[in-house]
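Keep the structure open as you read.

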Amino acid sequence: MKHLYLIGNMGSGKTTIGKQVAESLHLPFYDMDALIEQASGLTIPEIFAQGGEAQFRELESALLRAIIQNPAGVVATGGGVVLSETNRALMRQSGWVVYLKASPRTLWQRLQHAQNRPLLKTPNPYETLETIVRTREPLYQEADWMLEVDTLSPAQATDAVRRVYHPTPDDPLAVQVLPHQPSGYTVFVAPALRNRAAHLIAQQCRFTRAALLTHPALLRWAEPIQAAMQSLDIPVQTTTLRSGERVKSLRSAERLYTQLLQAGLDRSGLLLVLGGGVLGDLGGFVAATYMRGIPYVQIPTTLLAQVDSSVGGKVAVDLPQGKNLVGAFHQPALVLIDPELLQTLPTRHWRNGFAEMLKYGIALHKGLWRRLQAMLQAGVLTPRRVRKDLGMWTLPIAQCVNLKAQIVSEDEREVSGKRVLLNFGHTVGHALEAALHYRDWLHGEAIAAGMIAEAELGNILGVTPDEVVRELYETVAQAGLPTALPSGVDAETLLNAMRHDKKRTGDALNVVLLTDIGKARLEPNIPLSVMREALKRCGAS
Ligand SMILES: NC(=O)c1ccc[n+]([C@@H]2O[C@H](COP(=O)([O-])OP(=O)(O)OC[C@H]3O[C@@H](n4cnc5c(N)ncnc54)[C@H](O)[C@@H]3O)[C@@H](O)[C@H]2O)c1
């Protein structure tokens, strides 16, 4: 069990909410400001008056180190705790960090009459507050989870924080994708959620009968769900397909159409997909096209599918010429993520999914990147083994889902330039998969090497700093993922495979490049010669 650190500006409700969360979870509560006052025998304004802010920060760091030794509990931190990189690292190593975000207006309403806020003792305290909020925001954004509290009552905020720390099948974490849109839906995340799957599906989806698509190896998970649905009077027919990228084909789709017809599924039917990214993409494609489109539900069973492919509605099959060349945007009606389903997943596939998590971190979110590095440092994933301790995995999985949900909600069809950022590592990664005929390397492994090659590309173009490239190499290697292209693959084969890249224009490539840790942009018109040089740096002949 880890600590739960609440961070946020003064007045964001850390103490009130922290106390209530601790009570509801029967955990100890640590209020850092109160503990500092207790230990020093001085009020916070007095500490500031006597020793200045620097002394207060020192006391804060010392207290944080002491709290870490105590039994896991809820910690209401001081607003400035994030100013120290050491404090941010200490919190990350020993617990989960949740940011209670409130606007300056909300904070001001709560603080304008407070006497115990030394930082606001200035000629224009509102302006001072705005400046503090603005300058600290990037540091708060490094949290594992952010909760906007402006419109939440303390009770609602307490419930929301509890769900982040301790999601359960009855009270799962819920992430909205495309809110307020007809195609919008919820992704629920909680260990053991499969036990409520039938109930949630019946509650959230409109249909008369269902087909369940899965792998033969996953029948042990599928059968109880089928039985639970039948006990709710929902007829379900289960269909199994072999696994592997080669299943993601038009031939498999045709077989599935036939099976759905035989199962009597009409336009009021629902397709339930219990499987990894291959079945999710294929099942989603079939759902998008069968009878001009039926709803489908994703219950992803690989780490890769949980953090990435089950959310966002990109569904497709491959052609011999390349990946995902026939497809659609068809959002699922519901996604149910149960990290317990990963218990049977082979280590190599955990690593495969971890590659996509690293992509989210390095391209989109510095805090997630640091969290993944902390997981590696703690030995959660080593080149030899994985610790399947769900306490370590559930929140990072949910954070990836949350990032994807935000991006898809902003740019569902990949037109505004936002969603394309999720393709970091994929221009080279997809070409590599095609060059290897979808054998030998898994998708995530190809993406890992693709990220390295695209970081080198950015470096050659002067976009990606040296230290970012170095950090990426080190972290990818620490995860036991490839940092070089496989021997025997030559640059011309890869460049040729990139002919079908959907981001390509004419003879130049448009590639997502890193500008910093957690930041990326689409760089247009990259000459093939520069890509060739990057591929050679990564071992292509
Ligand atoms: N649609 C998207 O946005 C998107 C995003 C990323 C990747 N993808 C696609 O996802 C696909 C890769 O998905 P994947 O890596 O999940 O591969 P996969 O679906 O082939 O699953 C990997 C293997 O794990 C097995 N498996 C699945 N769940 C298991 C479990 N719980 N226990 C034991 N074994 C289990 C499967 O039978 C299979 O052999 C690629 O085709 C890729 O292009 C799509």
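## A helix and its surroundings

The buried residues of α20 pack against α16 (426-435), α17 (443-460), α19 (491-497), β15 (508-516) and β16 (519-527). This is a predicted model, where local features need pLDDT of at least 70, side-chain atom pairs count only at pLDDT 80 or more, and totals for chains, interfaces and linings use all residues. Residues are numbered from 1 along each chain as its sequence is written, and side-chain values use heavy atoms, with hydrogens and water left out.

Helix α20 spans residues 528-537, and its buried members are Leu-528, Val-530, Met-531, Ala-534 and Leu-535 (buried means under 20% relative accessible area with a 1.4 Å probe, protein chains only). Viewed down the axis of α20, these buried residues fall within an arc of 160°, so they line one face of the helix; the arc is that of the directions from the helix axis to the C-beta atoms. After α20 comes Gly-539, with a positive phi near 100°.

## The whole protein

The protein has 20 helices and 16 strands, which are DSSP runs (H or I, at least four residues, for helices; E, at least two, for strands), numbered from the N terminus.

| Property | Value |
|---|---|
| C-alpha box along the principal axes | roughly 75 × 60 × 40 Å |
| Buried share of the 541 residues | 59% |

Among contacts (heavy atoms within 4.5 Å) with a separation of 6 or more, 75% join residues 24 or more positions apart.

Terms used. Buried means under 20% relative accessible area, exposed over 50%, partly exposed in between (1.4 Å probe, protein chains only).
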